[in-house]
Amino acid sequence: MTVAEALADGRARLEPCSDSARLDAEWLLADVLSISPAALSSRARQTLDEAQRARYAQQLARREQGEPIAYLLGTQGFWTLDLQVSPAVLIPRPDTELLVEWARDVLPASLAAEVADLGTGSGAIALAIARERPNARVLATDLSPAALEVAEGNARRNRVANLRFAHGSWLEPLAGERFDLIVSNPPYIAAGDPHLPALRHEPLSALSDGADGLSCLREIVSGAREHLRAGAWLLVEHGYDQGAAVRELFAQGGYLDVQTRRDLGGNERATGGRLPP
């Protein structure tokens, strides 16, 4: 089997189950051959050896079962980072970069700010903010030891040093500390949501709170006040249809300048507010 034949076979197998069959086949074959996808065309006549054919077939089979391409490759790009991912963590989405952009807006580059990222997962948000604001010190927390291990590895992989890690649920690791900014992308999909089966390969605890989708957001919005400095911001990601409910949580908590920003698809995706100065 040549590279060209392998690509054609991969596309044919994946078309019934993937909207990106061509790209998926290219990424998987390039990974098996340890080359970039761009180099495949120049190797169209190259013959795969037995081990390469077996590995490619295995990866295609996993993709046919709906396993995300990021888990198969073990990496995912986010912001300016190259992140390692595993089934222990949620795959970072481009929409979550909205939180990084917003954090950059509210944190002056010269400020030696203290920042906390609650439920850091792969470390995507914490690492991106730490890279954008090298004068800041970022605390990344997670209840999952496996997720923290992935995040710490990503910090080393991307050579980002101005951050620290702590184990615990939401605001517990922040005891006795106050911050200039707290950010979080908590589980916000309600139990029984029809979108959950399509996300079955990702950790359920990072996707859904097992309730109405707002329980983690309630805990974070209400509890963050005692860990924020005067005038400091809280920014959270939420579901496309939760903007009004989350703004109400911020209003009830006494936050000022409460506002919601939209993602790349035009959906309300992140809400923030600040404490009085």
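A residue is called buried when its relative accessible area is under 20%, exposed when that area is over 50%, and partly exposed in between, with a 1.4 Å probe and the protein chains only. By that scale S34, at 66% relative accessibility, counts as exposed. The structure is a predicted model, in which local features need pLDDT of at least 70 and side-chain atom pairs count only at pLDDT 80 or more, while totals for chains, interfaces and linings use all residues. Residues are numbered from 1 along each chain as its sequence is written, and side-chain values use heavy atoms, with hydrogens and water left out.

**Pockets**

- The largest pocket holds about 1100 Å³ of space, where a pocket is an open set of points on a 1 Å grid over the protein atoms alone, with protein on both sides within 12 Å along at least five of seven lines, and a cavity is a set of points where a 1.4 Å probe fits but cannot get out. Grid points are joined across faces, edges and corners, and the volume is the space filled by probe spheres set on the points.
- Its lining, made of residues with an atom within 4 Å of a point, comprises 46 residues, and L90, P186, P187, A206 and L207 lie nearest the centre of this pocket.
- Helices α6 (124-132) and α8 (204-207) each supply at least two residues of this lining, and α8 gives the largest share, 3 residues; helices (H or I, at least four residues) and strands (E, at least two) are DSSP runs numbered from the N terminus.
- By residue class, the lining of the largest pocket divides into 24 nonpolar, 14 polar and 8 charged residues, with Ala, Val, Leu, Ile, Met, Phe, Trp, Tyr, Cys and Pro counted as nonpolar, Asp, Glu, Lys and Arg as charged, and the others, Gly among them, as polar.
- The second largest pocket has a volume of about 260 Å³ and is lined by 13 residues, of which R63, G66, P68, I69 and I91 lie nearest its centre; this lining divides into 7 nonpolar, 3 polar and 3 charged residues.

**L207 beside the largest pocket**

- L207, one of the residues nearest the centre of the largest pocket, belongs to helix α8 and is buried, with a relative accessible area of 7%.
- Leaving aside neighbours within four places in sequence, L207 is in contact (heavy atoms within 4.5 Å) with L90, P187, Y188, I189, L196, L199 and E202.
- L207 and N185 are 22 residues apart in sequence, and their C-alpha atoms are 9.6 Å apart in space.

**Helices and their packing**

- Helix α1 (residues 3-14) has 12 residues and should span 16 Å at 1.5 Å a residue, which agrees with the 16 Å between its end C-alpha atoms; the expected span is 1.5 Å times one less than the number of residues.
- Within α1, V3, A6, L7, G10 and L14 are buried. Seen down the axis of α1, these buried residues fall within an arc of 100°, so they line one face of the helix, the arc being that of the directions from the helix axis to the C-beta atoms.
- The buried residues of α1 pack against α2 (21-33) and α3 (50-64).
- Q52, a residue of α3, is buried with a relative accessible area of 18%, and touches V32, L33 and T47 when residues up to four places away in sequence are not counted.
- Helix α7 (residues 145-157) buries A147, L148, V150, A151, G153, N154 and A155, and these buried residues pack against β2, α6, β4 (137-142) and β5.
- In helix α9 (residues 215-223), C216, L217, I220, V221 and G223 are buried, and what covers them includes β3 (114-118), β6 (179-184), β7 (228-237) and α10 (243-252).

**D82 in strand β2**

- D82 lies in β2 (residues 81-84) and counts as partly exposed at 35% relative accessibility.
- Not counting residues up to four places away in sequence, D82 touches T75, Q76, N154, R157 and N158; D82 and N158 are 76 residues apart in sequence and 6.9 Å apart in space, C-alpha to C-alpha.

**Positive phi angles**

- Most residues other than glycine have a negative phi.
- S34, in the loop between α2 and α3, has a positive phi near 60°.
- W170, in the loop between β5 (163-167) and β6, has a positive phi of about 45° and is buried at 13% relative accessibility.
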